[in-house]
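User: Please open the model, and let us go through its strands and charged contacts together.
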Amino acid sequence: MNERAESWVCMKRLDEILGLPVILKQSGLKVGTVSGACLAQSGKAIAGLMIEKNHWRGKGGFLPMNGTGLIGDVSVIAEGMNSHPKALTPLTLGQRVVSIDGQRLGLLTNAMIDVETGEITAVEVSRGLIDDWTSGRLWVRSFQNSSSQTVVDVESDSEYLDKEDPT
């Protein structure tokens, strides 16, 4: 395997993680499904996953990245869950993406996540239906997330990976 391919081995797109069942390692019981992700303070990593509980009476839980045993293709194995910390900001797909100078570029449609560290290595930007269809969506490495928008640096030399999925 070449070096570039090896670097993407533990990467998953956020949309591949959303909806996965969460299984407790100790008991093997399904405790819920992944409903979202929360940003770390840096805005460049995932602090943990938001979990929607199985039963209608339960509130959602929070699975910190360091409590995640494994994020696989068909499920997430959890060491344990916590209540959702209020101070963390959810990573919201569909939020607007702007350039450093404030120019609106489109919407955040996905994120590439290192499932071992929680680092967000790239974000996917949709510039609109016509542009998506004619030239594809863009994967951008140089970015900063916040609660209301994602800011990308289109002037940097690492700006656009390419128009296809970087895996």
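This is a predicted model: local features need pLDDT of at least 70, side-chain atom pairs count only at pLDDT 80 or more; totals for chains, interfaces and linings use all residues.

User: Is strand β11 largely enclosed or open?
Analyst: Strand β11 covers residues 104–114, and nine of its 11 residues are buried, so the rest of the structure largely encloses it. Buried means under 20% relative accessible area, exposed means over 50%, and partly exposed lies in between, using a 1.4 Å probe and protein chains only. Strands are DSSP runs of E with at least two residues, helices are runs of H or I with at least four, and both are numbered from the N terminus.

User: Which strand pairs with β11 over six bridges?
Analyst: That is strand β12 (residues 120–126), which runs antiparallel to β11. Two strands pair if DSSP finds at least two bridges between them. Within this pairing, Ala 111 stands opposite Val 123.

User: What lies between β11 and β12?
Analyst: The two strands form a hairpin with five residues between them, and Gly 118 in the turn has a positive phi of about 85 degrees.

User: And how does β10 pair with β11?
Analyst: Strand β10 (residues 96–99) is antiparallel to β11, with three bridges. Arg 96 faces Leu 107 of β11. β10 and β11 also form a hairpin, here with four residues between them, and the turn contains Gly 102, whose positive phi is about 95 degrees.

User: Where does β1 come in?
Analyst: Strand β1 (residues 11–13) pairs with β11 in the antiparallel sense over three bridges. Met 11 has Asp 114 as its bridge partner in β11.

User: Switching to charges: how many salt bridges are there?
Analyst: The count is five salt bridges, where a salt bridge is a side-chain nitrogen of Lys or Arg within 4 Å of a carboxyl oxygen of Asp or Glu. Side chains of opposite charge can pair when their charged atoms come close.

User: What does Arg 13 meet?
Analyst: Arg 13 forms a salt bridge with Asp 15, at 3.2 Å from N to O. Arg 13 is buried at 16% relative accessible area, whereas Asp 15 is partly exposed at 37%.

User: Which residue does Glu 79 bridge to?
Analyst: Glu 79 bridges to Lys 25, with the closest N and O atoms 3.6 Å apart. Glu 79 lies in the loop between β7 (76–78) and β8 (82–83) and Lys 25 in the loop between β2 (21–24) and β3 (30–39), so the pair ties together parts that are 54 residues apart in sequence. Glu 79 is partly exposed at 34% relative accessibility, while Lys 25 is exposed at 53%.

User: And what of Arg 137?
Analyst: Arg 137 forms a salt bridge with Glu 124, their closest N and O atoms being 3.7 Å apart. This pair links distant parts of the chain, 13 residues apart: Arg 137 is in the loop between α3 (129–135) and β13 (138–140), and Glu 124 is in strand β12. Arg 137 is partly exposed at 33% relative accessible area, but Glu 124 is buried at 7%. Salt bridges with shared partners join Glu 124, Asp 132 and Arg 137 into one network.

User: Last topic: what sits over the ring of Phe 143?
Analyst: The charged end of Lys 44 does, 4.2 Å from the ring centre. A charge sits over a ring if NZ of Lys or CZ of Arg is within 6 Å of the ring centre and within 35 degrees of the ring normal.

Definitions and conventions
Residues are numbered from 1 along each chain as its sequence is written. Side-chain values use heavy atoms; hydrogens and water are left out.
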